[in-house]
Amino acid sequence: MGAPYHLQSPRTIITKVMSMKQLPPALPQLPPPPVDQSEVTEQTPVLPRSQPVDPPTITRQPQAPRQPARAPSKVILQPRQRTSPAMWCAAIACFAFSILLIVAGVVTLVVFLAVKPRPPSFDAANAILNSVYVDSPAPYFNNDMTLVANISNPNREIDLVFRSATVELFFQDRPMAVQALPPFAQRRGQSQLLNMHLLSSRVLLPPQVAVKMVDQVRSNRVVYTIRGAFKVEARFRFGHYSYWMYTVCQLELTAPPSGVLVARRCTTK
């Protein structure tokens with residue numbers, strides 16, 4: 001045994017503690033096997049009775065546990081499937097369709113930039129209010145108006161065909177008269193005047209609307225609204241396309257029987 005700890009130097013104590021921490025943990029000891037009494041008797045020396053006899057100590061080296069044998073791993077390779085001809089045909093068709101869409105989009109963009117299409121314009125060139133009459137006691141409305149509209153095609157590379165056209169007359173958002181126009185065509189840069197006769201007979205109005213109509217006639221300022229819907233087909237060298245055009249005009253006229261157009265404001269979409 002070494003010297004007591006209180007007599008040892010601090011450096012020696014720290015060295016011993018570090019060496020004890022670095023030692024591997026001891027393996028658990030297995031219980032000793034049974035010992036044959038006959039062998040113990042033969043090996044044990046005979047001592048006088050006055051001295052106690054210690055039992056023999058039998059030590060056995062521990063054996064490491066056996067690990068079960070591992071089965072060899074097997075890698076199963078799936079056979080590679082070949083692509084069917086139908087899948088190849090579908091892929092080629094999708095690729096060709098995508099290319100056609102891209103080419104069509106590029107061509108459309110180039111044509112649009114080269115042609116620069118513009119919508120036609122609608123304007124109320126002239127209007128005459130021939131008569132306005134409100135029956136009493138029931139507020140029935142009677143109206144007679146002549147409208148001259150100017151429609152022009154501002155495009156230099158596109159011809160226009162008006163497949164259908166409808167013009168309506170409103171007062172205070174109430175429909176008064178409507179007229180459908182026959183189909184007509186306009187060449188590039190051409191303007192055309194259209195004469196329309198908007199006639200309404202015995203149109204029932206709410207009392208408050210009828211009162212506003214009478215007040216405007218007395219003040220010599222009658223305000224109407226014209227709304228038009230046109231289905232236009234644009235034709236150029238490479239093809240054609242169709243769209244709808246809508247126009248709204250606010251008309252201010254003097255009182256009949258010779259009511260003339262005083263002011264107008266038209267917008268086209």
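Is T254 buried or exposed? Select T254 to find out: the residue is buried, with a relative accessible area of 13%, where buried means under 20% relative accessible area, exposed over 50% and partly exposed in between, computed with a 1.4 Å probe and protein chains only.

Before going further, keep in mind that this is a predicted model, in which local features need pLDDT of at least 70 and side-chain atom pairs count only at pLDDT 80 or more, while totals for chains, interfaces and linings use all residues. Residues are numbered from 1 along each chain as its sequence is written, and side-chain values use heavy atoms, with hydrogens and water left out.

**The whole chain**

Of the 269 residues, 25% are buried. The accessible surface comes to about 20700 Å², with 60% of this area belonging to carbon and sulfur atoms; such areas come from the Shrake-Rupley method with a 1.4 Å probe, and for residues only the protein chains shown count as cover. Among the contacts (heavy atoms within 4.5 Å) with a separation of 6 or more, 65% are between residues 24 or more positions apart.

**The loop between β8 and β9**

Return to T254, which is found in the loop between β8 (239-253) and β9 (259-268). Leaving aside residues up to four places away in sequence, T254 touches L129, N220, R221, G259, V260 and V262. Its side chain reaches the backbone nitrogen of V260 at 2.8 Å. In the loop between β8 and β9, select P257 as well, and look at the peptide bond from P256 to P257, which is cis, with omega near 15°.

**The disulfide**

Now show the cysteine side chains: the structure holds one disulfide, a disulfide being a pair of cysteine sulfur atoms within 2.5 Å. The partners are C249 and C266, with their sulfur atoms 2.1 Å apart. C249 lies in strand β8 and C266 in strand β9, so the pair ties together parts that are 17 residues apart in sequence. The torsion about the S-S bond of C249 and C266 is about 120°, so this disulfide is right-handed. C249 is buried at 1% relative accessible area, whereas C266 is partly exposed at 24%.

**Rings and charges**

Select the aromatic side chains next, where seven aromatic pairs are counted; rings of Phe, Tyr and Trp (its six-membered ring) pair if their centres lie within 6.5 Å, with planes under 30 degrees apart counted as stacked, over 60 as edge-to-face and the rest as tilted. One of these pairs is F236 with Y241, tilted at 55° between the planes and 6.1 Å centre to centre. F236 is partly exposed at 21% relative accessibility, and Y241 is partly exposed at 31%. Elsewhere, ring pairs link F122, F162, F184 and F230 into a cluster.

Then select R227, whose charged end sits over the ring of F170, 4.5 Å from its centre; a charge sits over a ring if NZ of Lys or CZ of Arg is within 6 Å of the ring centre and within 35 degrees of the ring normal. The charged end of R202 sits over the ring of Y140, 4.2 Å from its centre.

**Two positive phi values**

Stay with R202, found in strand β6 (residues 191-204), where phi is near 50°, a positive value in a residue other than glycine. Finish at D173, in the loop between β3 (159-171) and β4 (174-181), which has a positive phi of about 65° although it is not a glycine. D173 is exposed, at 60% relative accessibility.

Note on methods. Helix = DSSP H or I, 4+ residues; strand = E, 2+ residues; numbered from the N terminus. Polar contact = N/O pair within 3.5 Å; in protein donor to acceptor, adjacent residues only side chain to side chain.
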